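Biologist: Hi! I'm new to this one. Could you walk me through it?
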Amino acid sequence: IFEKFFKNPLTNQTNCGIIYTVKEREVHKPMAKAIYLDMDGTIADLYGVEGWLDDLIASRTRPYEQAKPIYNMSKLARALNKAQKRGIRIGVISWLSKSGTEDYNEAVTKAKRKWLKKHLKSVKFDEVYIVPYGTPKGTLAVENSILFDDEERNRNEWGGFAYEPSQIFEILKGV
C-alpha cells in the first residue's frame with residue numbers, strides 16, 4: 001500500500017490517491033542439497049521375500065539378492081537423475097542386519113550394492129552408505145537433506161525433511 005500524488009491534466013489540481021498493491025505471496029521450500037534413500041522396505045521389498053528373517057538369522061544374503069523393487073525403478077531413476085541434474089546429491093543410507101558378523105556384513109554390503117546396480121543402473125549415486133544397524137542416519141547426511149525411509153524412528157531422528165516411501169514421487173516432483 002502506498003500513496004501517490006498526481007496532477008489531474010483537466011483541472012490542473014494536485015490530487016492524492018491511495019493505490020493498493022497486492023503482491024502474490026510466494027511460498028519457498030528449502031532447496032535440498034541431497035536426497036537419501038533407505039533400501040529395505042523403502043525401495044527394496046526385503047520383507048516380501050519368503051523366509052527373509054530365517055535367512056538373516058542364518059546369515060544368508062538371499063533376501064537382499066532376491067528382493068523385488070517396490071516401485072517402478074525406471075520412473076524412480078528418471079526422477080532421481082532429474083534432481084541430480086539440478087545439483088542435488090543422490091545417496092543411499094541403509095542398515096546392515098542386527099547381528100551380522102564381519103564376513104556377513106561384507107556379503108550383505110556387496111549384495112545391496114549389486115541390487116542398486118541392477119535396479120537403478122542409470123543412477124550415479126554420490127554416496128552409498130551401508131552401515132551397522134542402528135547407526136543414526138542423520139550423522140551421515142549433508143545438511144538440508146531429504147530422507148525416504150520406511151521406519152518412523154529414522155524419520156523422527158532425521159531432524160529435517162524425512163518422508164515415508166509412499167511419498168517419494170510426490171516429493172521428488174517438487175524438488
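Predicted model: local features only at pLDDT ≥ 70, side-chain atom pairs only at ≥ 80, totals over all residues.

Biologist: Got it. How many helices and strands are there in the protein chain?
Modeller: The protein chain has six helices and seven strands. Reading from the N terminus, their order is β-β-β-α-α-α-β-α-β-β-α-β-α.

Biologist: And what share of the residues counts as buried?
Modeller: That would be 40% of the 175 residues in the protein chain. The accessible surface is about 11100 Å², and carbon and sulfur atoms account for 51% of that.

Biologist: What about contacts along the sequence?
Modeller: Take the contacts between residues at least 6 apart in sequence: 65% of them join residues at least 24 apart.

Biologist: Let's pick a residue. Where is Ile43 found?
Modeller: Ile43 sits in the loop between β3 (34-37) and α1 (52-57).

Biologist: Is Ile43 buried or exposed?
Modeller: Ile43 counts as buried, because its relative accessibility is 0%. Its contacts, leaving out residues up to four places away in sequence, include Leu37, Lys68, Met73, Trp115 and Ile168. As for spacing, Ile43 and Asn72 are 29 residues apart in sequence, with 9.4 Å between their C-alpha atoms.

Biologist: Next up, Tyr71. What does it touch?
Modeller: Not counting residues up to four places away in sequence, Tyr71 touches Thr42, Pro165, Ser166, Ile168 and Phe169. Tyr71 is in the loop between α2 (62-66) and α3 (73-85). Its relative accessible area is 22%, so Tyr71 is partly exposed.

Biologist: How far apart are Tyr71 and Ala44?
Modeller: In sequence, Tyr71 and Ala44 are 27 residues apart; in space, they are 8.4 Å apart, C-alpha to C-alpha.

Biologist: Changing topic: which residues form the positive surface patch?
Modeller: Lys68, Lys114, Lys118 and Lys121 form that patch. One of them, Lys114, belongs to helix α4 (residues 102-119). Lys114 counts as exposed because its relative accessibility is 63%.

Biologist: Great, thanks for the tour!

Notes: Residues numbered from 1 in each chain as written. Heavy atoms only, no water. Helix = DSSP H or I, 4+ residues; strand = E, 2+ residues; numbered from the N terminus. Buried < 20%, exposed > 50% of the residue type's maximum accessible area, 1.4 Å probe, protein only. Contact = heavy atoms within 4.5 Å. Patch = residues over 30% accessible without salt bridge, like charges linked within 9 Å, V, L, I, M, F, W, Y side chains within 5 Å. Areas by Shrake-Rupley, 256 points an atom, 1.4 Å probe, with all protein chains shown as cover. Salt bridge = Lys/Arg side-chain N within 4 Å of Asp/Glu carboxyl O. Lys, Arg positive; Asp, Glu negative; His and termini not counted. Charge placed at Lys NZ, Arg CZ, Asp CG, Glu CD.
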